[in-house]
Amino acid sequence: MKKLSTGAAVLALSTTAITSVASAQDVEVLHWWTSGGEAAALNVLREDLAGGGIGWTDMPVAGGGGSDAMTVLRARVTAGDPPTAVQMLGFSIQDWAAEGALADLNALAEEQNWNEVVPEALQAFSTYEGNWVAAPVNVHSTNWVWANTALMEELGIEQPGTWEEFVAAMETAAEAGYTPLAHGGQAWQDATIFDSMVMGVGGPEFYQASMVDLDPEALGGAQMVEAFDRMATLRGFVDDNFSGRDWNLASAMVINGEALFQIMGDWAKGEFVNAGLTAGDEFQCFRVPGTEGTVTFNSDQFAMFGVEDEGDQASQVAMASAVMSPEFQIAFNVVKGSAPARTDIDASSFDACGQAAMADLAAAGESGGLFGSMAHGHANPPSIQNAMYDVITAHFNGEFDSATAAEEMVTAVELAQ
Amino acid sequence: MAATDPMLDSGADFRTRLQNWLPKIVLAPSFAVMVIFVYGFIAFTIYLSFTGSRMLPSFDLVGWQNYERLFRVRQWDTAIINLGIFAGLYIVISTIIGLMLAIFLDQKIRGEGFLRPIFLYPMALSFIVTGTAWKWFLDPAIGLEVTMQRWGWTSFEFDWIKDSDMAIYTIVIAAVWQSSGFVMAMFLAGLRGIDNEILKAAQMDGASNFQMYRRIILPQLRPAFLSAFVILSHLAIKSYDLVVAMTDGGPGTSTWLPALFMYEYTFTRNQMGIGAASAVIMLMTIAAIMVPYLYAELREQK
C-alpha cells in the first residue's frame with residue numbers, strides 16, 4: 001500500500017511537471033545575479049511578470065563574470081534546449097546571434113520606440129544586422145574612481161582633475177602610510193584600469209583605433225607605451241598583497257579608510273552603500289582623471305533565444321517589454337548601482353553618483369564619447385579581449401617592460417583574430 | 001561445434017555457447033562506452049584541432065593553422081616552461097621523499113601501522129582541497145608569514161605565492177606534499193617484495209647497510225621507480241585543479257600549465273581550435289612516456 005501511494009505521488013508530481021511545461025507561459029531565465037542585492041533587483045522583474053500571469057523558472061549559475069553561465073548555456077544550446085532568456089554581455093550576444101540562435105524582437109522595439117531611447121553605442125550590442133535580439137537592462141560605467149572622503153580630508157587632498165594631480169594625491173597617501181590605490185590583481189581588474197589609461201592617454205580617437213578597430217599601429221605605438229607606463233606608475237601605488245584579491249575586498253579597503261582610491265566600475269557603489277556610506281558625502285565618485293567627458297561602459301542585457309512554441313514567444317516578448325519599462329529600469333538600477341539603459345528616465349530617485357552617471361552617460365552619448373569597455377567584453381570579441389588581458393596582466397605583474405608590452409599587444413591581437 | 005554425443009541435446013549446446021558468449025555480452029556495453037567516450041572523443045578532438053572552431057565546433061578544415069598559432073602564443077611557452085619546472089621538480093622531489101619515507105618505515109619500527117596512513121592520507125584529498133588549504137597557508141596576509149611575524153620573528157618573509165617568478169614553486173610544494181605519501185606506499189610495497197635470502201647472504205658477506213641499499217635493494221626497486229615515474233608524470237601533465245585553486249594561473253599569467261591553457265582557450269576564449277591543438281600536444285606528450293613503458297612492461301611478461 002505504501003509503495004502504491006509513493007507511486008501515485010511520483011505520478012502526480014510528474015503530471016504537474018508536464019502540465020507546467022505544456023502551459024508554455026513560463027520564462028526560463030539563465031543569469032548570474034546571485035548576490036543579495038542583485039537577486040532582490042531581479043525579483044522586481046519576476047513580480048512584474050507574475051502580474052501578467054507569466055511564471056518564472058530561475059536558472060542561476062553562480063560566478064561573477066558569467067563565464068560559468070556561458071559554459072552551461074553552450075551545453076544547453078548544443079543539446080537543442082535553450083533557455084528562454086539569458087543574461088549576456090557585449091560580444092557574446094553578437095556571437096550567439098551570428099550562430100542564428102537568437103529571436104527577433106523588432107516588432108516590440110518598433111512599437112516601444114527603442115531606437116530613440118537607447119543610446120546608439122548600446123544598440124550596437126542589442127541588435128544584430130539591424131534586428132533587435134536583446135533587451136538592455138543597465139549601463140555600468142567602468143571609468144570611475146571611488147574615494148574615501150574622510151581620508152581625503154585628513155590628507156588635505158582635493159578631488160584630482162588631471163593625471164598629475166591624481167599621482168600627486170596618491171604620493172601624499174603613500175607618504176602618510178596609507179595604501180594609495182586599492183586593487184585586486186585579477187586579469188579583469190587590471191584590464192578595467194587599463195581601459196581608463198588608454199582613454200586618458202589618447203582620448204576617444206586612440207581608444208577607438210586601438211581597442212575597437214585593433215589597428216596594429218595604435219596597438220604598438222607610442223601612446224600605447226605611455227598607457228603601459230601609467231599602469232606601471234599605478235603598480236607602484238598598490239600594496240604588496242594585491243594579487244588575486246577580489247574587487248569587493250579592495251572596495252572594503254577604501255570603505256575602512258585603509259586605502260585612498262579604487263578604480264572600478266559602478267558595481268562598487270553597492271559595497272559602499274551597503275556599508276552605510278552616502279554617495280557624494282562620505283564617499284566620492286569621479287571619473288578617472290583624463291577620461292572626463294567620456295564613458296566606457298558595459299551593459300547587462302537579456303538575450304532572447306529562438307523558441308518554436310508561440311506561447312513561449314509571447315511570454316518572451318512580454319518579458320522583453322517588462323525589462324524595458326521605465327519602472328523596472330529605475331527599480332533595478334537603483335539597487336544595482338548602474339544607470340538605466342534608456343536616456344529618457346527621471347533621475348530623481350537615484351543618489352548623487354547615480355545622477356552623475358546618468359548625466360555623464362547622456363552627455364557622452366551626445367558627444368560621441370560613449371565606448372564599450374574592452375575589459376568587459378564590449379570593445380572586441382572574447383578571444384581578443386582575453387589575449388589583451390594576458391598582456392596587460394603580465395605587464396602589471398612585472399613580466400614585461402612597457403615597450404615589450406606594446407609589441408606583445410600587436411602579436412597577441414593578431415593571433416587571436 | 002558438432003554435437004555427436006547423444007547426451008548433448010540442443011539445450012546443453014545452447015548453454016555452452018552462452019557460457020562462451022556471456023563474458024563478451026557482459027563486457028560489450030562498457031567496451032562500447034569506452035570506445036565512444038575515450039577513443040571516439042580523442043579522435044573528435046584531433047579532428048577539431050584541424051578545424052576553424054571558435055565558440056562551437058565547426059567542421060571546416062584549416063590545416064595546420066591552429067598548431068602554428070599555438071606555438072606562437074606566448075602563454076603556451078609559459079605553460080610549457082612551467083610544466084618543465086613543475087614536472088621535473090615534482091617527480092624528482094616526490095620520488096626522493098617517498099623513497100626516504102619508505103626506507104625509514106621499513107626499519108621494523110614500532111607504530112608503522114599508525115604512521116603509514118598518516119603519510120598516505122594526503123593522497124585521499126582532492127587537489128582542490130589541497131590547493132585551497134595551501135593558498136591560505138602561503139598567503140602573506142593570513143598565513144605563515146603573518147603568523148611568524150606575530151609570534152615575534154618580524155623579519156620573516158615568505159611571499160612566493162604573490163611573486164610571479166616564484167609562484168610556480170609553491171605549486172610544486174603543495175603537489176609534493178600531496179603525492180609523496182603515495183609514492184612511499186609504492187616503494188614500501190617494493191621493499192617488502194625483496195627476497196630476504198639475498199639480503200641475508202649479503203649480510204653474511206659483510207655488506208654494510210648503505211652498500212646493501214645501493215647495490216641490492218635500489219636496483220631491485222626498478223619496477224617501483226618506473227611505476228612512480230609514470231604515475232607522477234601523467235599527474236604532472238594533466239594537473240589543472242591545483243593551479244586553479246592555488247593561484248588561478250596568477251600572478252599575471254605566471255603559473256599557467258598546459259591543462260589550464262587548454263581549458264581557457266577551449267571554453268572561455270572561444271578559440272576551440274587552438275584549445276584542441278593543445279590537448280593533442282598534451283596527449284602526445286603522455287603517449288611519448290606511456291608507450292615505451294607499456295611496450296617494455298608487456299614484453300617482459302612474455
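Which residue in β2(A) is the bridge partner of Leu30(A)? I find that Met59(A) is the partner of Leu30(A). For the record, I am working with a predicted model, in which local features need pLDDT of at least 70, side-chain atom pairs count only at pLDDT 80 or more, and totals for chains, interfaces and linings use all residues. Residues are numbered from 1 along each chain as its sequence is written, chains are lettered from A and ligands numbered from 1 in the order in which they are written, and side-chain values use heavy atoms, with hydrogens and water left out.

**Entry 1, the sheet.** I traced strand β1 (residues 26–31) of chain A and found six bridges joining β1(A) to β2(A), the two running parallel. I take helices (H or I, at least four residues) and strands (E, at least two) as DSSP runs numbered from the N terminus, and I call two strands paired if DSSP finds at least two bridges between them. On that basis five strands of chain A form an open sheet with mixed pairing, in the order β2-β1-β3-β13-β6. The edges are held by β2 (55–60) and β6 (134–136) of chain A, each with a single partner strand, so one side of each has no neighbour in the sheet. Neighbouring strands here are turned by 25° against each other on average, direction ignored; axes are lines fitted to C-alpha atoms, for helices over the stretch in contact, with angles from 0 to 180 degrees between N-to-C directions.

Contact means heavy atoms within 4.5 Å.

Helix α9 (residues 163–175) of chain A and α12(A) have axes that come within 11 Å and cross at roughly 20°. This makes α9(A) roughly parallel to α12(A), a term I use for angles under 35 degrees. Where they meet, α9(A) brings Trp163(A), Phe166(A), Val167(A) and Met170(A) against Arg230(A), Thr233(A) and Leu234(A) of α12(A).

I count a salt bridge when a side-chain nitrogen of Lys or Arg is within 4 Å of a carboxyl oxygen of Asp or Glu, and the count over all chains is 17. Arg230(A), already met in the helix pair, forms a salt bridge with Glu226(A) at 3.7 Å, N to O, and both lie in helix α12 (residues 222–235) of chain A, four residues apart, about one turn of the helix. Arg230(A) is buried at 12% relative accessible area, whereas Glu226(A) is partly exposed at 38% (buried means under 20%, exposed over 50%, partly exposed in between, with a 1.4 Å probe and protein chains only).

Lys269(A) forms a salt bridge with Asp351(A), the closest N and O atoms being 3.0 Å apart. Lys269(A) sits in helix α14 (residues 268–274) of chain A and Asp351(A) in the loop between β14 (339–340) and α17 (352–367) of chain A, so the pair ties together parts 82 residues apart in sequence. Lys269(A) is buried at 4%, and Asp351(A) is partly exposed at 27%.

How values were computed:
Parallel < 35°, antiparallel > 145°, perpendicular 65-115°, else oblique.
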